[in-house]
Amino acid sequence: MEDVSKRFGALTALSSVNLDVRQGEFLTLLGPSGSGKSTTLMCLAGFEAPSEGRVLHRGEDFTSLSPEKRGFGVVFQGYALFPHMSVAENVAYPLVVRKIARAERERKVRAMLSTVGLGHYEDRRIQSLSGGQQQRVALARALVFGPNLLLLDEPFSALDRRLRGEMQSELTRIHQELGTAFVFVTHDQDEALSLSDRIAVFNKGRVEQIAEPSKIYEEPATTFVAEFVGETNLLDVTRVKAVGDPNLYHAHYGDTEIICRGPQDAVPAPDSKLSVRPEDVELHATLPVNGTQLNAISVRLLRSTYFGASVEALLGDQADRQFRVRLSTKRARNTGLEDGRSYWLSWPKGTGYLVPK
Amino acid sequence: MATRDASWLGFSLALPLPTLLVLAYLLPLAGVLAWSMSTPGGIGFGNYRQIATDPLVVSILLRTLRICVAVTLISVAIAYFLAYHLRFGSPWKKRVVLIGVLIPFWLSSLIRAFAWLMILRANGLANTFLQSTGMIAEPLALARNELGVMIGMTHFLVPYAVLPIFSSLQHIDNRLIQASRSLGAGFWRGFKDILAPLSSSGVLAATIIVFIFSLGFFVTPAVLGGGRVVMVAEYIYLQMFQLSNWGLGAALSGILMVVVVALMLALIKIVGIRRLMDTAS
């Protein structure tokens, strides 16, 4: 996709989106609702025409090609299975339209149904299937004609949590088995992080960052990405300067000196935001002894929330800036959490990432 | 004792409607059916025998059937087209179709019939326009024949067919159409495989509703047929009120009613009474 923009009346849904789907990859479009991820998918599928820009497929201009001629598989939100056809008829439909001979059609339908784990469901009615099974039929139908791109529009949003996990691992398996490129739309960051080869994070019709999941999480390009993917503490730091090591920077948080990571290619502005993930932060009742390896700040506990395996603590410093810290329950018990008490908060030098924008 | 009082009260509160139906509808209807078996002369099936054998009556019944079938098919086809745009069209298109469908509801059938007569008659709007542009030399016979009657009836019936078809299209998820296209089906292929089967119950309901309505048409054929296209309703009127041949009129009414009731039962069986009420509202 090249410089694709889409406007609905006065509303700009997409502005200059550039997206490149690589052969066989699992690319996730992640963003809050209304961020343009679904519109992007619909532009790829051909159900929305871009107001500007082009959609290219292997060098061919697909921008004004109708959906039925693109030959991409699409899995819709709510599955969109044909209610008046059986499971096998649904899956066979793209082959019937393509005038594939009966014997081969039946062979392919059977093979695809067993790939998605619905071996003996050919004659079942759609209405008699569970949500997860309908999901599998929708996948089989979108893949049976061998598309080289599969587009999935929030396919798991209607499933309960347990089933969702099951379908996620199924999807990974099917992706690896078939080698088809998948473009997957979701607003669920965990889903995006665990499934994808690459993630494109959308916000307000723009792509904020495209990168591998670990890079998205550990080196967010913008404050939006840092806050949307996972939880984080964004600290206003000053006097940022490089320290020789291409990855490391020197900065000040208030009067405290901090060593942190940052982008390799460009030195961030002197006044930047520092993203510190809650799981990197430790809480201590007294000033930690091995202080030379840690960035440490004195704080007061505002409140703590129990999550079973972990506890989230909300802390404030003298300047009333707040921090979120996630501790294992065991660790929290050892430290002894008491609202209003003073603690030391620390994270290792060289963790925390300076967000460029 | 208290409960018996309450149920008696409920029963008596519900009583006025059945009473009204029996007094104002069923009793007179029984009277009409009694005429068909008793007048003129003694008790017997003479009137029904006449309907089956009299060439004039048979030809009127056949004409009624012919016109009603043709009008029903044409109306349902036009209505499908309109309902499709009402469901899938742009907001602007939807508004135009909706206004076009609703306005005729507010005009009486008599006014509409005369309006069509103004347009279709020999020196009416259509013929004068076509003659002034030189497309035809002689006026076309558009009114005072079956064609005129069919045009007028179709115009009347299309809105009634739009609603059930629209309702069935409304139940079809737009994503099903998108899915068929993403799977390689073009517009007509998707229409044939997805839209048509999923909207067939609405089409069937529309067909039966329109056909039932068309059987009872009286004013439109009388005005636009100019006395030459007599259909069964007008013929019944002639027998009853002009010729005082009450027996034959009553027998024809009875047959018409049996046909309509049978069609209604078929409609309810196909669509289900609940869906039908939904459609109507």
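This is a predicted model: local features need pLDDT of at least 70, side-chain atom pairs count only at pLDDT 80 or more; totals for chains, interfaces and linings use all residues.
View 1. Welcome to chain B, which is divided into domain 1, covering residues 1-36, and domain 2, covering residues 47-280. Their C-alpha centres are 34 Å apart. Where the two domains meet, domain 1 of chain B supplies five residues to the contact and domain 2 of chain B supplies nine residues.

**View 2. A closer look at the interface between the domains of chain B.** About 590 Å² of area is buried between domain 1 and domain 2 of chain B, and carbon and sulfur atoms give 77% of that area. On the side of domain 1 of chain B that touches domain 2, four residues are nonpolar, one is polar and none is charged. If you are looking for salt bridges between these two domains of chain B, the count is zero. Polar contacts do turn up: two residue pairs across this interface of chain B qualify, both at pLDDT 80 or more.

**View 3. The two domains of chain A.** Now over to chain A, where the domain assignment gives domain 1 as residues 2-218 and domain 2 as residues 232-355. The C-alpha centres of these two domains of chain A lie 39 Å apart.

**View 4. Confidence along chain A.** Chain A has a mean pLDDT of 85, with 96% of its residues at 70 or more. Strand β3 of chain A (residues 26-30) has the highest confidence, at 93, while strand β1 of chain A (residues 2-8) has the lowest, at a mean of 66.

Methods: Residues are numbered from 1 along each chain as its sequence is written. Chains are lettered from A and ligands numbered from 1 in the order in which they are written. Side-chain values use heavy atoms; hydrogens and water are left out. Domain bounds come from an automatic or database domain assignment. Contact means heavy atoms within 4.5 Å. Buried area is the accessible area (1.4 Å probe) that two parts lose on being put together, summed over both. A salt bridge is a side-chain nitrogen of Lys or Arg within 4 Å of a carboxyl oxygen of Asp or Glu. A polar contact is a pair of N or O atoms within 3.5 Å; within protein, one must be able to donate a hydrogen and the other to accept it, and residues adjacent in sequence count only if both atoms are side-chain atoms. Ala, Val, Leu, Ile, Met, Phe, Trp, Tyr, Cys and Pro count as nonpolar, Asp, Glu, Lys and Arg as charged, and the others, Gly among them, as polar. pLDDT is the predictor's confidence in each residue, from 0 to 100. Helices (H or I, at least four residues) and strands (E, at least two) are DSSP runs, numbered from the N terminus.
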